[in-house]
Amino acid sequence: MPKKVDHEARRQEISEALWRIAGSRGLDGTSLRDVAAEAGISLGRLQHYFRTRDEMLLFALQHINRLAADRIRERIASLAEEPTPREVLRACLSGMLPLDEKSRIGLLVGAAYYARAVHDEALRAEAKNGIPPLRTFFADQLRLAADRGELPPERATEDEAMLLISMTEGLATYVLLGVHDPEDALLLLDLHLENLFGAEQAAGGGADRAAGGGADRAVGGGAVRAARGGADRAAEVGGGRGAEAPASSGRAAP
C-alpha cells in the first residue's frame, strides 16, 4: 500500500529550508535549486509542490505569518485570567521584538522578505494585509483602557495604535542592527507604555482592578474576551514579525 504523504507538511519543510537560506544570506538570487538542496530533496520533487519561485516565496511568507499568529495567541493565553488592556498590548508588542535567538532569526527572515516585497506586488500585498487588523486590535485595547479609566480618552485612537506598531518595529530593527540590546529595547517599550498609561499601571493591575468592584470585573471580563477573541487579528501581521522556530525543527528557522 503506498505511503500517504502529508503535502502540507512537505510544503512547510520546504518553507523552513527557504527561511534558513533567507536568514543566512537573504533572498536575492535564491533559486528553486538552492532551496531543494537545502531541503535535501530533488528539484523535481520540490516542483511537485511549488511550480515557481514566486509561488514558493508567497507560501513561505504566509506560513511564517501563521507561526507569528500562534505565538501571539500563546502569549495572550498565558496572561492572567482577566488581563488588562495594557497587559495584552505588552504581550503583543514584546512578541514583535527579537528577545531571543529564535525570534531574532524570524525577524531576519522577515527583513529578507521586506527587501524583496518592495518590488514584488504579491509579497507586498501579503506583508501589508496584516497591518490594518493589528492597528484596529490595538486601538480597541486602547479604547477599552480609556473606558476603564486607565488611559486618557484622547490617546485611545488608531493613530496611537499605529505609533505603537511603528515604535516597536523600529526597536526591533535597531536590535538587529546592534543599536540596542534586546533588554534595552524591552525597557524602552515599557517606558513608552508607562508614559502612555501612567506609572500607576506599571504592574498591570491598576487601582480599578485592585478595588474589585463588580462593574470593573465586568469590564475586565470584556478585556479578556476581546483579547482572546481578537488574538488572530492581533497576530496576522505581515512578514512573520516575531515568529519563532518550530520546536520540531532540528535547525534554526523562524
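Student: At what angle do H8 and H9 pack?

Tutor: This is a predicted model, where local features need pLDDT of at least 70, side-chain atom pairs count only at pLDDT 80 or more, and totals for chains, interfaces and linings use all residues. Residues are numbered from 1 along each chain as its sequence is written, and side-chain values use heavy atoms, with hydrogens and water left out. The helices are DSSP runs (H or I, at least four residues; strands are E, at least two), numbered from the N terminus. Axes are lines fitted to C-alpha atoms, for helices over the stretch in contact, and angles run from 0 to 180 degrees between N-to-C directions. The axes of H8 and H9 are 8 Å apart, and the angle is about 115°.

Student: Which residues of H9 make that contact with H8?

Tutor: Contact here means heavy atoms within 4.5 Å. H8 brings Ile131, Leu134, Arg135, Thr136, Phe138, Ala139, Leu142 and Arg143. From H9 come Glu158, Glu160, Ala161, Met162, Leu164 and Ile165.

Student: How far apart are the end C-alpha atoms of H9?

Tutor: H9 covers residues 158-177, so 20 residues at 1.5 Å a residue. The expected span is 1.5 Å times one less than the number of residues.

Student: Now H10: within what arc do its buried residues fall?

Tutor: The 16 residues of H10 should span 22 Å, and the end C-alpha atoms are 22 Å apart, which agrees. Its buried residues are Ala185, Leu189, Leu193, Leu196 and Phe197. Seen down the axis, they line one face of H10, because they fall within an arc of 100°.

Student: What covers that buried face, and what sits on the face turned away?

Tutor: The cover over the buried residues of H10 includes H5, H8 and H9. The face turned away carries the exposed residues Glu183, Leu187 and Asn195.

Student: Which residues of H5 meet H4?

Tutor: Helix H4 (residues 53-77) and H5 have axes that come within 9 Å and cross at roughly 145°. From H4, the partners are Ile72, Arg75 and Ile76. On the H5 side they are Val88, Ala91, Cys92 and Ser94.

Student: Is threonine 84 buried or exposed?

Tutor: Threonine 84 lies in the loop between H4 and H5. Its C-alpha is 9.0 Å from that of leucine 144, though the two are 60 residues apart in sequence. With a relative accessibility of 0%, threonine 84 counts as buried.

Student: What does leucine 99 contact?

Tutor: Leucine 99 lies in the loop between H5 and H6, and is partly exposed at a relative accessible area of 30%. Leaving aside neighbours within four places in sequence, leucine 99 is in contact with Ser94, Pro182 and Leu186.

Student: Which residues does aspartate 54 touch?

Tutor: Aspartate 54 has its place in helix H4. It is partly exposed, with a relative accessible area of 44%. Not counting residues up to four places away in sequence, aspartate 54 touches Arg116 and Asp120.

Student: Zooming out, how many helices does the chain have?

Tutor: Of the 254 residues, 45% count as buried. The secondary structure comes to zero strands and 13 helices.

Notes: Buried < 20%, exposed > 50% of the residue type's maximum accessible area, 1.4 Å probe, protein only. Arc of directions from axis to C-beta.
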